[in-house]
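Me: I would like to learn how to read a structure, one feature at a time. Please give the general idea before each case.

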Amino acid sequence: MKVIIIGGVAAGMSAASKIARMDHTAEIVVYEKGGFLSYGACGLPYYVGDFNDDYRRMIARTKEQFEKAGIKTNLHHEVIKVDTDKKQVFVKDLKSGNMFIDGYDKLMVATGAASIVPPFAGVEKMGVHVLKSLEDGIFLKEYAKDPQIKHVTIVGGGYIGIECAEAFLNLGKQVRIIEAANRILMPFDEEIASMAMEELTKHGVKLYLNEKVKGFIGGEKVTHVETDKGTYDTDLVIVSVGVRPSTGFLKDTGIRMSKNGAILVDREFRTSVDDIYAAGDCALVYNRIMEEDSFIALGTIANKGGRIAGANIAGEHQKFIGALGSAAIKVCDIELGRTGLGEADAKRLKKKYKTILVQANDHPAYYPNPTPITIKLIYEEGTKKLLGAQACGQKGAVMRVDIFAVAIHSGMTTEELGMTDLIYAPPFAGVWDAVQIACNAAK
């Protein structure tokens, strides 16, 4: 069996590794458009911001290690077309420009997603960039060392935008965030997101909300950003307004896709075309609490999806148990975590729900340095079944959201979790943990 894998980062290399372990006779060929394999893209803002001084720490396994495991990898090779009838891929060697055709028995699509770059005027200027690939990170880390770069503008207040803001704060830059919506971090509810906004403002970040970017001004290099409300000095712009699945090359293949271009897969990560699988940011994924397919571009889901797809390519029939959209972010000196439904989700799905917002310390006051954790729960009216949870605090907030994730995954109620046998010891938690205090407050 010959397996071709398009994309060599999270889902692609998880699939390749799983196939190699299960079927030693399989011929596995990977085509990766970029110059690196299997790296943790979530670490890019921290690399740029000098929290990490060596990009190699983000690489899980090298090309040489994969080759040693029997996986043939081809960097700087882009698959530009797939012929599903002939089971062939058309490949372009990006360094030489040469084109060639390769055949497969089974195909895995793991091309991820690309940064959305709106057609702003002047978007092509030097100093206007995205942070998506390891190459982007390596470039920006060096570029930002220029002492003339003092003002950094972040366009977009999502996860990457906020992480980039902290990165450039750490480099001593003046940071501005321009967001078209009325707040940042839209996956979080307003009560939790507002704490992140307060924290950024406290650390000197200028927030411009309800403001739309029109374009960038300057000669070869950007010098100003123009919005519908004003013009601001800037030396560097990071465009971070979202991502779009990299699936354009699959046009006319018959592979079913959603409106945003994400590939539709079943719970075994099979596409609508025989012998073709897909996982990662290029595909939708089953959302366990919503009971529908969702676009959730997270590394955790990409790695799980790749592993399951690889096992099924090798002959098994493993099924994905479902995602909850669990995610977290550090914002300067605080941390935020969320899982399950937010209020907007609950309203869209017409759930009969209630919410509770509770503040409790991470450990008792009779042990030094207790800090508050704010927890918001969304739960079903009547049954009190947990639907979603979000938390914010200086420490201990994010890992407590993991407790809520397990509870939501298992269908627990607030009453059940409120009485679950959690750990108590003064350095770590009170006799009633913050998780339980929140649950027991739900009426």
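Me: Leaving aside its neighbours within four places in sequence, which residues is Ser17 in contact with?
Reply: A word first on the source: this is a predicted model. Ser17 is in contact with Arg61, Phe66 and Ile71, once its neighbours within four places in sequence are left aside. Ser17 itself is found in helix α1, residues 10-22.

Me: Is Ser17 buried or exposed?
Reply: The general idea is a cut-off: buried means under 20% relative accessible area, and exposed means over 50%. Ser17 has 9% relative accessibility, so Ser17 counts as buried.

Me: Which residues does Ala309 touch, not counting residues up to four places away in sequence?
Reply: Ala309 touches Met108, Glu268, Phe269 and Tyr277. Ala309 lies in helix α7, residues 299-313. Its relative accessible area is 0%, so Ala309 is buried.

Me: How many residues along the chain separate Ala309 and Ala15?
Reply: Ala309 and Ala15 are 294 residues apart along the chain, while their C-alpha atoms are separated by 6.1 Å.

Me: Now the sheets. What is the order of the strands in the open sheet that has β21 in it?
Reply: The general idea is that strands of a sheet pair through backbone hydrogen bonds, either parallel or antiparallel. In this case the order is β21-β22-β25-β24-β23, an open sheet of 5 strands with antiparallel pairing. Its edge strands are β21 (327-331) and β23 (353-361), each of which pairs on one side only. On average, neighbouring strands of this sheet are turned by 10° against each other, direction ignored.

Me: How many bridges are there between β21 and β22?
Reply: β21 pairs with β22, residues 334-340, over 5 bridges in the antiparallel sense. Within this part of the sheet, Ile329 stands opposite Leu336 in β22.

Me: Which helix lies across β21, β22, β24 and β25?
Reply: That is helix α9, residues 397-409, which runs at about 175° to β25. Another helix, α11, packs on the sheet and touches β23 and β24. The direction of α11 makes about 145° with that of β23.

Me: How many residues of β24 are buried?
Reply: In β24, 7 of the 9 residues are buried, so this strand is largely enclosed by the rest of the structure. On one pairing, β24 is joined to β23 by 9 bridges, and the two run antiparallel. There, Lys354 has Tyr379 in β24 as its bridge partner. β24 also pairs with β25, over 7 bridges in the antiparallel sense. Gln390 in β25 is the bridge partner of Lys376.

Me: How many residues lie between β24 and β25 in their hairpin?
Reply: The hairpin has 5 residues between β24 and β25. Gly382, in the turn, has a positive phi of about 90°.

Me: Which residues other than glycine have a positive phi?
Reply: Two cases can be given. His76 has a phi near 55°, and Lys350 has a phi of about 60°. His76 is found in the loop between β3 (71-75) and β4 (77-83). With 25% relative accessibility, His76 counts as partly exposed. Lys350 is in the loop between α8 (343-348) and β23. With 73% relative accessibility, Lys350 counts as exposed.

Me: What is the order of the strands in the open sheet with parallel pairing?
Reply: The order is β9-β16-β10-β11-β12, in an open sheet of 5 strands. The edge strands here are β9 (128-129) and β12 (206-209), and each pairs on one side only. Strands β10 (residues 151-155) and β11 (residues 174-179) pair in the parallel sense over 5 bridges. As an example, His151 has Gln174 in β11 as its bridge partner.

Me: Last, the surface. Which residues form a nonpolar patch there?
Reply: The patch is formed by Tyr366, Met419, Tyr424, Val431, Trp432 and Ile437. Together these residues have about 690 Å² of accessible area. One of them, Met419, lies in the loop between α10 (414-418) and α11 (434-441). Met419 has 62% relative accessibility, so Met419 counts as exposed.

Notes. Residues are numbered from 1 along each chain as its sequence is written. This is a predicted model: local features need pLDDT of at least 70, side-chain atom pairs count only at pLDDT 80 or more; totals for chains, interfaces and linings use all residues. Side-chain values use heavy atoms; hydrogens and water are left out. Patches are made of residues with over 30% relative accessible area and no salt bridge: like charges are joined within 9 Å, nonpolar side chains (Val, Leu, Ile, Met, Phe, Trp, Tyr) within 5 Å. Accessible areas come from the Shrake-Rupley method with a 1.4 Å probe; for residues, only the protein chains shown count as cover. A salt bridge is a side-chain nitrogen of Lys or Arg within 4 Å of a carboxyl oxygen of Asp or Glu. Helices (H or I, at least four residues) and strands (E, at least two) are DSSP runs, numbered from the N terminus. Buried means under 20% relative accessible area, exposed over 50%, partly exposed in between (1.4 Å probe, protein chains only). Two strands pair if DSSP finds at least two bridges between them. Axes are lines fitted to C-alpha atoms, for helices over the stretch in contact, and angles run from 0 to 180 degrees between N-to-C directions. Contact means heavy atoms within 4.5 Å.
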